[in-house]
Amino acid sequence: MSEYLRPTQFEEALRLLARGPYAILAGGTDHYASRVGKPLTEPILDVTAIRGLREIAERADHWRIGAAATWTDLLEASLPPQFDGLRLAAREIGGVQIQNSGTLAGNICNASPAADGVPALLALDAGVELSRTGHVRVVPLAQFILGPRKTQRCSDELVSAILVPKSEFEARSHFVKLGARKYLVISIAMASAVIEHSAGVVFKARVAVGACSPVAVRLAALEDALRGRPMNARLPELVHAEHLAPLLPIDDVRASAGYRTGAALTLVKRAIAGACA
Amino acid sequence: MNQPREGFLGQDAALELSVNGGTVRVASPPATRLADVLRDELGLTGTKIGCNAGDCGACTVLLDGRQVCSCLTAVAQAAGRNVTTVEGLAADGRLSDLQASFQKHGAAQCGICTPGMLMAAADLLARTAAPDEAEVKDALGGVLCRCTGYQKIIEAVLDVASGPRPDLPPAAGAAVGARAAKVDGIARVTGEERFGADDIPDDALWLRVIRSPHHHASFRLGDLDAVVKRTPGLERILTAKDVPSNGFGIYPHIKDQPVLADGEARFRGEAVLALVGKREAIETFDEATLPIEYVPLPPVMGLDAAMAPGAPLVLPDRPGNLLQDGGVRKGDAAAAFASCAAVAEGRFETAFVEHAYIEPEAGWARRVGKGRNARLEIHVTTQTPYMDRDEMAVVMKLKPTQVHIVPTACGGGFGGKLDMSVHPLVGLAAWLTGKTVACVYTRPESMASTTKRHPARVHAKFGCDASGRLLACEVDAEFDTGAYASWGPTVATRVPIHATGPYMVPNVRTRGRGFFTHCHPAGAFRGFGVPQGAIAHEAVMDELADKLGIDRLEFRLRNALKAGDATATGQVLEHSAGLGECLERLRPHWQRAQEEIAAFNAGSANLRRGVGIGCMWYGIGNTSLSNPSTMRIGVSKSGVVTLYSGALDIGQGSNTILTQIAADAAGLPMSTIRLVTGDTDLTADAGKTSASRQTFVSGKATELAALDLRKKLFAAANAPEGEYLDYRYKLAIEGNGKAAQIVIRRDGITHRVPLKKDILGEGYFDPPTSPADADGQGVPYASYAFAAQIAEVEVDLELGTTRVLRIVAAHDVGRAINPIQVEGQIQGGTVQGLGLALMEEYLPGRTENLHDYLIPTIGDVPHMECILVEDPEPLGPYGAKGVGEPGLIPTAPAILGAIENATGVRMRQVPVLPHRLRAALGAPA
């Protein structure tokens, strides 16, 4: 077994990372799961002891979710309704054990097409803060994930936080997951919607679908179609199959591609309905 | 919040953590899984490893009071924090209320998931003292259980708030029928029970199996000696040449499965080599550096490929890839169909199903003694110690008495631990090296290499007269048995016998065939093919009833086998055929469900509910073969009463049930009976734990053994002959050591005699059966279980998802020796049936883990109500017969009928995955 670093200071972590490459370990829920029956030989940089990295904090115009914040931390934080969809996603991540260990940042870095956190974070218009010594950049989540298991993170960079802009108007949100069983299930498909509204009218809508393309995607045409419409129970009726054009579903052990397309349509409607409820 | 340690850790820093209240320093490297540190370094083996991937939750511990998977936690992350394991729940030798509640409610069956369940529940209860059911499910949703069906676990957690007190064990003479707690239950809730991977000696070498990555390939081996020479810690590489007799298999005349493949691998996951050496050396060995040259060959996958004319042969001596072709013929089915008022038929298809016991295969072996006295001792998780012993003797070319099997606790079997797994590998390695050798399968290799339920294609056709009486039945069942025979012949024989369903059909023609393919062997799995057959006959019953406008339950009742009827094999059932009563007890539930569902559906568009019914029968024990059990119970000179049971309790409760039977037959309190089980040196052959046979067969042998003991004790006390049969004479063993006495009391008169010697009672029972003739006619089983179940489901029409809302299960068990254990079998079997119906499909090479292969979680289970019908079986102990398999069999048929009732669509392929149902429902409205 080789090097295992567990710095407590953020700057120190960045310095160490520059000597890398290291496998970055947070909750371990993906790291260990992908190494069943394999030796644990990679050098590891464990970020869970870094001071302050687990904080979920309100800033002037955004919320900052520290890279070591777990799904349980999110569920127990006091957050406005725009996060309701993300919180619903948090409850659908594995079992409580996984929610207690797994981190939001780890979920996006693992870049699984079926990551439950990604559609909800896309619908929140989240940004990813990447840090290296002396340099910080923020990348929109939609650009951060390049493909299955691939992200923009360079080996000397640490995802230091997920940043969620505050909504301009009151925002409501919802998340719907479809799996072949309850709990501990990889999604067949999922959808998340965040709708900002004012005076009963949709000001801005963001809708994302996961597990139906290599990377979860926002449905821009649908978002445009929803803007300016009354925020009521009939809003889901605006959803049409053409809005799902960005999806590229595949056949796998969980479902057929054709089924995924139809299910995504239903889930999107339900996510919007849930946000309007 | 995690309290970070100062500085950072290099690879040699010792870590300090608090475990169950005490501070420990650990030497394991910081990236080591916490689960491994707890088990291997600290010896806390109560924490179980089921998958190492966070898929099963067996390893759940509390970290600063929160449940985490210890298999996903680097030990470095536990530094400076509080870890609580199952060993930390009991305080001062007293069970916690949670543990006591598990014991009281029968929430632990095999016990392998129990520590994880307990820790998840402990986390919940520390936050919410009196949770509701939804909260319990949310908190325990990350732990899989394959035995219980979860209901008793939920009940146990809900009951903690009330301060549960374990019931006192039943008094002498009141054990049979009592809801007695498990006699071996305490060790399962404290974590003390030792399973296959829990008691491996520290000095053991470890064995790692190298497996074929191809479904079918020839291969050549290079210079393995050179590999051993250049690899420190690697002692030996075993190949096919090392195996004295390189073939094993269930049937005495079919030893077709090699321990290590010899130049040709016939399924992905087949063992090719075994590395033996120091644990770290073999675990870190890079498999890619082995000189194995594979030449992939086209595989025969699936029944169509196996049956195609000119198909390549999987085994050279099996023309047409045919394993077996058998059937049953009675009357003239073809002629009878011509006179039927209604005929229905269909073709049904099922998938490979994985047992998914939470304990992967594990064990260790050593060579004991020297020269001609040398023996091979194997400690292993198993369902069948004596078959293992005899199989090992064949493989090693030893006498059976030279093999000693010491079963560990078995963390779930369901048929999957009837075949050998690690046994021949560790046995061979130990024999050749003279050292102790251990092997624990990873979850992926367990799934890739061990047996599965046979995929089946069943064509069934039934006809009846205008009044709904069945006249004729024709069934043709084809099974994919994989690369080797395993239990394929059993399935191909059992299914044609049961293919009529539990109904009186005068004209029968059924056929069962098994075919070889390049897949892992299909073997025994709860029901031996009968669940696949039941899907077919029950769907056809629904259709016939509908055609004639007869209620589906009433149609079944009209045709239900009853005492006096002749089965398909011409066997006249003399007793204990209680299907009619099962159906009558279900009728009010059936009517209520229909009313409720009609009301719900009237107000619902997308969600549709439906109710379905399934019936089954199941012959107890081996088919048309001798199937004996020998049991012994003794009183030592010092006054200790011991039941020597070769019948393995794999969680189903036979240790408790056999103790109850022994207690009442001997006339002693069950609390005084000690148990010795499984060890082939200490117990007699009780046969395998399968085919729902232990209560019936070993239970009867136990009753006879205890009666024999009672008779001998009465004789030793000089009681008049025959008096022992009079239970008004109360027997006791009092005192101990040199003062032990036989005490017999009646009407205030006490008779005491010193125990002068050990006294042993023995019982033998072999259920009376007869071989089948050329038409399959005969008495294949001495007794049959019967059951009927109804399922209520809710279908989401847009998504094609199905939720099972409720199951009511009526089972004729002859006599419920222990209703808790009986309910546990019904509930656990039912939930496996739910999995078969809705989610379980093993695809070789694609679902070798517990997140791609799905079994039901605590959130998928409906409320289950058990109705126990007791139509006594005179051959069985106190009227009992078997219940191990019956819960599974009618469940999928009932669910499929309910889906049809809800949607109008009959699903003929299981599992009914959402995309399959959605496609069958047609384009969205």
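Domain bounds here come from an automatic or database domain assignment. Keep in mind, too, that this is a predicted model.

**View 1. The largest cavity, where domain 4 and domain 5 of chain B both supply lining.** Each of these two domains, domain 4 (452–622 + 773–920) and domain 5 (629–765), gives at least three residues to the lining. About 480 Å³ of space lies inside this cavity. Its lining is made up of 34 residues, and those nearest the centre are Gln652(B), Ser692(B), Gln825(B), Gly884(B) and Glu885(B). Three elements of chain B give two or more residues to the lining: α18 (654–666), α19 (694–716) and α20 (819–838). Which of them gives the most? That would be α20(B), with three residues. Sorted by class, the lining has 13 nonpolar, 16 polar and five charged residues.

**View 2. The second largest cavity.** Now for a cavity with a volume of about 230 Å³. There are 20 residues around it, and Phe248(B), Gln257(B), Met420(B), Tyr441(B) and Ser449(B) sit closest to its centre. Its lining splits into ten nonpolar, seven polar and three charged residues.

**View 3. Two packed helices in chain B.** Here you're looking at α16 (residues 552–559) and α17 (residues 579–602), both in chain B, whose axes are 10 Å apart. How do the two helices run relative to each other? The angle between them is about 170°, and over 145 degrees counts as roughly antiparallel; α16(B) and α17(B) are therefore roughly antiparallel. On the α16(B) side, the residues that meet the other helix are Arg552(B), Leu553(B), Glu554(B), Arg556(B) and Leu557(B). Facing them from α17(B) are Gly580(B), Leu583(B), Glu584(B), Leu586(B), Arg587(B) and Trp590(B). By class, this contact has five nonpolar, one polar and five charged residues.

**View 4. How the chains divide into domains.** Chain A comes in two parts, domain 1 (4–165) and domain 2 (170–276). Their centres, taken over C-alpha atoms, are 24 Å apart. Where the two meet, domain 1 of chain A brings 25 residues to the contact and domain 2 of chain A brings 25 residues. Chain B is split into domain 1 (6–88), domain 2 (97–190), domain 3 (205–298 + 359–411 + 417–449), domain 4 (452–622 + 773–920) and domain 5 (629–765). Between the centres of domain 2 and domain 3 of chain B, again over C-alpha atoms, there are 37 Å.

View 5. Most peptide bonds are trans, and most residues other than glycine have a negative phi. You'll find Pro21(A) in the loop between α1 (10–18) and β2 (23–25) of chain A. Another is Leu184(A), which isn't a glycine and yet has a positive phi of about 45°. Leu184(A) belongs to the loop between β11 (170–178) and β12 (189–198) of chain A. Over in chain B, a cis peptide bond links Val910(B) to Pro911(B), with omega about 0°. To spot Pro911(B), look in the loop between α21 (891–903) and α22 (914–921) of chain B.

Key. Residues are numbered from 1 along each chain as its sequence is written. Chains are lettered from A and ligands numbered from 1 in the order in which they are written. This is a predicted model: local features need pLDDT of at least 70, side-chain atom pairs count only at pLDDT 80 or more; totals for chains, interfaces and linings use all residues. Side-chain values use heavy atoms; hydrogens and water are left out. Axes are lines fitted to C-alpha atoms, for helices over the stretch in contact, and angles run from 0 to 180 degrees between N-to-C directions. Helices (H or I, at least four residues) and strands (E, at least two) are DSSP runs, numbered from the N terminus. Angles under 35 degrees count as roughly parallel, over 145 as roughly antiparallel, 65 to 115 as roughly perpendicular and the rest as oblique. Contact means heavy atoms within 4.5 Å. Ala, Val, Leu, Ile, Met, Phe, Trp, Tyr, Cys and Pro count as nonpolar, Asp, Glu, Lys and Arg as charged, and the others, Gly among them, as polar. On a 1 Å grid over the protein atoms alone, a cavity is a set of points where a 1.4 Å probe fits but cannot get out, and a pocket is an open set with protein on both sides within 12 Å along at least five of seven lines; lining residues have an atom within 4 Å of a point. Grid points are joined across faces, edges and corners, and a volume is the space filled by probe spheres set on the points.
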